[in-house]
Amino acid sequence: LPLKDRILKFSIKMKNLFPSLSEVLSVSKVTVLSTIIGLFIGLLPGAGTTLASFAAYGAAKRVSNNKEEFGSGALEGVAAPEAANNACVPGALTPMMALGIPGSAVTAMIMGGFIVHDLQPGPMMFIKSADIAWAIMAALYLSNIILLFINLMMVPVFISIIRWAQPALYPTVAVLCVIGVYSINLSMFDVIVMFVFGIIGFFFKKGMYPVAGLLLALILGPTIESNFRQAMIISRGSYAIFIGSPISIGFLVATLLCLVFPFIKFK
């Protein structure tokens with residue numbers, strides 16, 4: 001059944017709030033893969049949970065035997081971005097805690113809060129403020145347990161919103177998009193561009209074109225251009241800088257594997 005019909009027929013009972021053992025096993029491969037992807041992307045400074053979720057969803061769709069169900073409530077399609085999103089958060093905290101390099105915008109704010117309270121993130125934090133460092137790690141475990149119970153209590157609310165408020169969600173989201181786009185530069189031209197690309201996206205969806213790659217390009221494009229320009233300045237125009245260390249070579253190999261990966265068929 002389509003996702004909308006499943007929601008309408010969903011019975012809000014405690015046993016329905018937890019996946020069955022067979023459902024957990026059916027998404028175990030995707031969950032492990034997405035967790036690794038999310039953790040790795042979290043370690044990269046500035047990548048963030050958005051990139052992790054889209055990358056995990058794309059990888060899950062490639063390795064899945066039920067690709068046609070993606071977009072209609074497939075369990076693998078739900079588990080993949082959530083596992084990557086959850087793994088990305090501690091992954092982003094790792095470079096901040098260990099090296100003093102924030103892995104995302106949120107960890108940069110947390111790092112700023114540490115500095116305000118005279119705490120210097122980095123290796124010395126585990127020596128000078130070991131109690132704070134271990135308390136943060138303990139809080140990560142505790143917060144996951146609390147979040148589980150909060151989400152379980154909010155499931156009926158979420159389902160009711162989707163059931164009865166769906167006609168109001170689309171115009172509300174549209175209004176918020178217009179306000180958000182206009183507030184950036186106070187320009188109606190930006191709003192027109194948004195609607196044009198919204199129409200293009202509509203036809204993309206009708207034609208079953210994947211939009212995740214386009215979104216990732218829009219998110220990462222400016223960052224890639226800025227870092228490429230910095231690398232060229234540092235190397236004085238020499239492309240040899242991209243193969244000058246084992247780390248850069250490793251990233252090039254990983255990029256090549258990502259390009260080849262979609263052409264590999266999984267049974």
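## Basis of the model

Residues are numbered from 1 along each chain as its sequence is written. Because the model is predicted, local features need a pLDDT of at least 70 and side-chain atom pairs count only at pLDDT 80 or more, while totals for chains, interfaces and linings use all residues; side-chain values use heavy atoms, with hydrogens and water left out.

## The chain as a whole

The chain has twelve helices and zero strands. Both kinds of element are DSSP runs numbered from the N terminus, a helix being H or I over at least four residues and a strand being E over at least two. From the N terminus on, the order of elements is α-α-α-α-α-α-α-α-α-α-α-α.

Of the 267 residues in the chain, 22% are buried. Here buried means under 20% relative accessible area, exposed means over 50%, and partly exposed lies in between, with a 1.4 Å probe and protein chains only. The accessible surface of the chain is about 18700 Å², and 74% of this surface belongs to carbon and sulfur atoms. Such areas come from the Shrake-Rupley method with a 1.4 Å probe, and for residues only the protein chains shown count as cover. Among contacts between residues at least 6 apart in sequence, 55% join residues at least 24 apart; a contact means heavy atoms within 4.5 Å.

## Helix α3

Helix α3 covers residues 28–43, which is 16 residues. From its first C-alpha to its last it reaches 23 Å, close to the 22 Å expected at 1.5 Å a residue. The expected span is 1.5 Å times one less than the number of residues.

The buried residues in α3 are Val 30, Ser 34, Ile 37, Gly 38, Ile 41 and Gly 42. Seen down the axis of α3, the buried residues fall within an arc of 130°, so they line one face of the helix. This arc is that of the directions from the helix axis to the C-beta atoms. On the other side of α3, Lys 29, Val 32 and Ile 36 are exposed.

## Helix α4

Helix α4 spans residues 48–63 and contains Phe 54. Phe 54 counts as partly exposed, because its relative accessibility is 27%. Phe 54 and Gly 38 are 16 residues apart in sequence, and their C-alpha atoms are 9.9 Å apart in space.

Ser 53 is also found in α4. With a relative accessible area of 17%, Ser 53 is buried. Not counting residues up to four places away in sequence, Ser 53 touches Pro 81, Ala 84 and Asn 85.

## Aromatic pairs

A pair of aromatic rings is described by the distance of the centres and the angle of the planes. Rings of Phe, Tyr and Trp (its six-membered ring) pair if their centres lie within 6.5 Å; planes under 30 degrees apart count as stacked, over 60 as edge-to-face and the rest as tilted. By this rule there are three aromatic pairs. One of them joins Phe 202 and Phe 203, an edge-to-face pair at 5.5 Å centre to centre with 75° between the planes. Phe 202 is partly exposed at 46% relative accessible area, whereas Phe 203 is exposed at 53%.

The rings of Phe 228 and Tyr 239 have centres 6.5 Å apart and planes at 35°, so this pair is tilted. Phe 228 lies in helix α11 (residues 212–235) and Tyr 239 in the loop between α11 and α12 (246–260), so the pair ties together parts eleven residues apart in sequence. Phe 228 is partly exposed at 37%, and Tyr 239 is exposed at 57%. Ring pairs link Phe 228, Tyr 239 and Phe 242 into a cluster.
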